[in-house]
Amino acid sequence: MIKPYLMFNRECEAAFKLYIEAFGGELIAMQKYSELPSSPDFPVEESDKELVLYSQLRITEDGFIMGSDSKRELNDSDKVVVSVELNSEEKARMAWDILKEDGSIHMDLH
């Protein structure tokens with residue numbers, strides 16, 4: 001399944017409130033950076049704690065919009081990414097290995 005993943009410059013929560021008003025649907029998740037366990041490998045500045053780490057809105061039975069705030073300033077071309085869900089780890093790793101050869105990696109496969 002392919003899902004749009006929208007990246008925001010500190011306005012994800014407000015955008016998702018607007019999407020709920022516009023599309024209805026069900027907010028499946030909205031996790032803030034403040035909800036992450038403390039880790040020296042992924043420090044979160046105090047000013048970033050209320051940013052949205054991950055959000056997901058179901059707008060139809062199989063249709064979703066996902067999004068998050070970036071901790072860095074984004075250009076317009078960086079604001080929409082595509083999330084792909086496959087039905088096995090083997091298929092995901094095979095696709096990842098092929099696509100990363102000439103692609104730009106912003107977040108490693110996990």
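How many aromatic pairs does a search of the whole structure find? In this predicted model, the search finds five, and the stops below visit some of the residues involved.

Begin by selecting Tyr5 and Tyr54, whose ring centres lie 6.4 Å apart with their planes at 40°, so this pair is classed as tilted. If you then colour the chain by secondary structure, you will see that the pair links distant parts of the chain, since Tyr5 belongs to strand E1 (residues 2-8) while Tyr54 belongs to strand E3 (residues 52-58), 49 residues apart. With a surface displayed, compare the two partners: Tyr5 has a relative accessibility of 15% and therefore counts as buried, whereas Tyr54, at 26%, counts as partly exposed.

Next, select Tyr33 and Phe42, where the ring centres are 6.3 Å apart and the planes meet at 10°, so that this pair is stacked, the angle being under the 30 degrees that the term requires. Here Tyr33 is buried, with a relative accessible area of 7%, while Phe42, at 40% relative accessibility, counts as partly exposed.

From there, select Phe8, Phe16, Tyr19 and Phe23 together, and you will have in view four residues that form one aromatic cluster.

Terms used: Residues are numbered from 1 along each chain as its sequence is written. This is a predicted model: local features need pLDDT of at least 70, side-chain atom pairs count only at pLDDT 80 or more; totals for chains, interfaces and linings use all residues. Side-chain values use heavy atoms; hydrogens and water are left out. Rings of Phe, Tyr and Trp (its six-membered ring) pair if their centres lie within 6.5 Å; planes under 30 degrees apart count as stacked, over 60 as edge-to-face and the rest as tilted. Helices (H or I, at least four residues) and strands (E, at least two) are DSSP runs, numbered from the N terminus. Buried means under 20% relative accessible area, exposed over 50%, partly exposed in between (1.4 Å probe, protein chains only).
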